[in-house]
Amino acid sequence: MDPSISRLSNDALDLWTDTEFIADMEASQGCCVLLGGGWIDEDILMLALQGAWLGYDVRLLLDLSCQRCEGDEGLVIKRLVLHGVIPTTLRQTALEWSVQIGDRGLRQLVRQFSG
């Protein structure tokens, strides 16, 4: 796995107190945290809020997250946006990244694979 991608093995709500994760973030000099793959109205909500409070640029990958309680997703997204968390999708993030690094070939590849 790419070393810039962290996968959580412990309780997700302990992320911001996980000394290994924090050390990895500091070593990578990363400032953007992409969150997805969990309950948007539970784990992801708490992680995103904490990350924003700590000063990270937090992005919520909506297409990799789901809601546990029907109807909560819209409320969660509104709340997170108020705290500066940016809702996005994996496709949008990949395209943004390819444009940011200025690689036209990669941008075309992203467009091709994302439909």
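D57, R59 and E96 are linked in a network of salt bridges. The model is predicted. Three salt bridges are found in the structure, and a search of the whole structure finds zero disulfides. Three strands form an open parallel sheet, and 20 residues make up the largest nonpolar core.

**The salt-bridge network**

- Side chains of opposite charge can pair when their charged atoms come close.
- R59 pairs with D57 in a salt bridge, and their closest N and O atoms are 3.0 Å apart.
- R59 also meets E96 in a salt bridge, with an N to O distance of 3.2 Å.
- The pair of E96 and R59 links distant parts of the chain: E96 belongs to helix α4 (residues 90-101) and R59 to strand β2, 37 residues apart.
- R59 counts as buried because its relative accessibility is 15%, and buried means under 20%.
- D57, at 26% relative accessibility, is partly exposed.
- E96 is also partly exposed, at 42% relative accessibility.

**The salt bridge between R68 and E42**

- R68 forms a salt bridge with E42, and the closest N and O atoms lie 3.1 Å apart.
- This pair, too, links distant parts of the chain, its residues being 26 residues apart.
- R68 sits in the loop between β2 (57-61) and α3 (72-82), while E42 sits in the loop between β1 (32-35) and α2 (43-53).
- R68 has a relative accessible area of 46% and is partly exposed.
- E42 is partly exposed at 31% relative accessibility.

**The sheet**

- Strands of a sheet pair through backbone hydrogen bonds, either parallel or antiparallel.
- In this structure the strand order is β1-β2-β3, and the pairing is parallel.
- β1 and β3 (86-88) are the edge strands, since each pairs on one side only.
- From one strand to the next, the twist averages 25 degrees.
- The parallel pairing of β1 and β2 runs over four bridges.
- L35 stands opposite L60, a residue of β2.
- Helix α4 packs on the sheet and touches β1, β2 and β3.
- The direction of α4 makes about 135 degrees with that of β2.

**The nonpolar core**

- In the largest nonpolar core, W16, L35, L80 and V85 are the residues that touch the most other members.
- The elements that give two or more residues to this core are α1 (19-28), β1, α2, β2 and α3.
- Of these, α2 gives the most, with six residues.
- L80 touches L45, A48, L49, L60 and V85, if residues up to four places away in sequence are not counted.

**The cysteines**

- A disulfide is a covalent bond between the sulfur atoms of two cysteines.
- C66 is in no disulfide, and its nearest cysteine sulfur, that of C69, is 11 Å away.
- C69 is likewise in no disulfide, with the sulfur of C66 as the nearest cysteine sulfur.
- The two sulfur atoms do not count as a disulfide because they are 11 Å apart, whereas a disulfide requires them within 2.5 Å.
- C66 has a relative accessible area of 41% and is partly exposed.
- C69 is partly exposed as well, at 39% relative accessibility.

Methods. Residues numbered from 1 in each chain as written. Predicted model: local features only at pLDDT ≥ 70, side-chain atom pairs only at ≥ 80, totals over all residues. Heavy atoms only, no water. Salt bridge = Lys/Arg side-chain N within 4 Å of Asp/Glu carboxyl O. Buried < 20%, exposed > 50% of the residue type's maximum accessible area, 1.4 Å probe, protein only. Core = buried A, V, L, I, M, F, W, Y, C linked by side-chain atoms within 4.5 Å. Contact = heavy atoms within 4.5 Å. Pairing = 2+ DSSP bridges. Axes fitted to C-alpha atoms, helices over the stretch in contact; angles between N-to-C directions.
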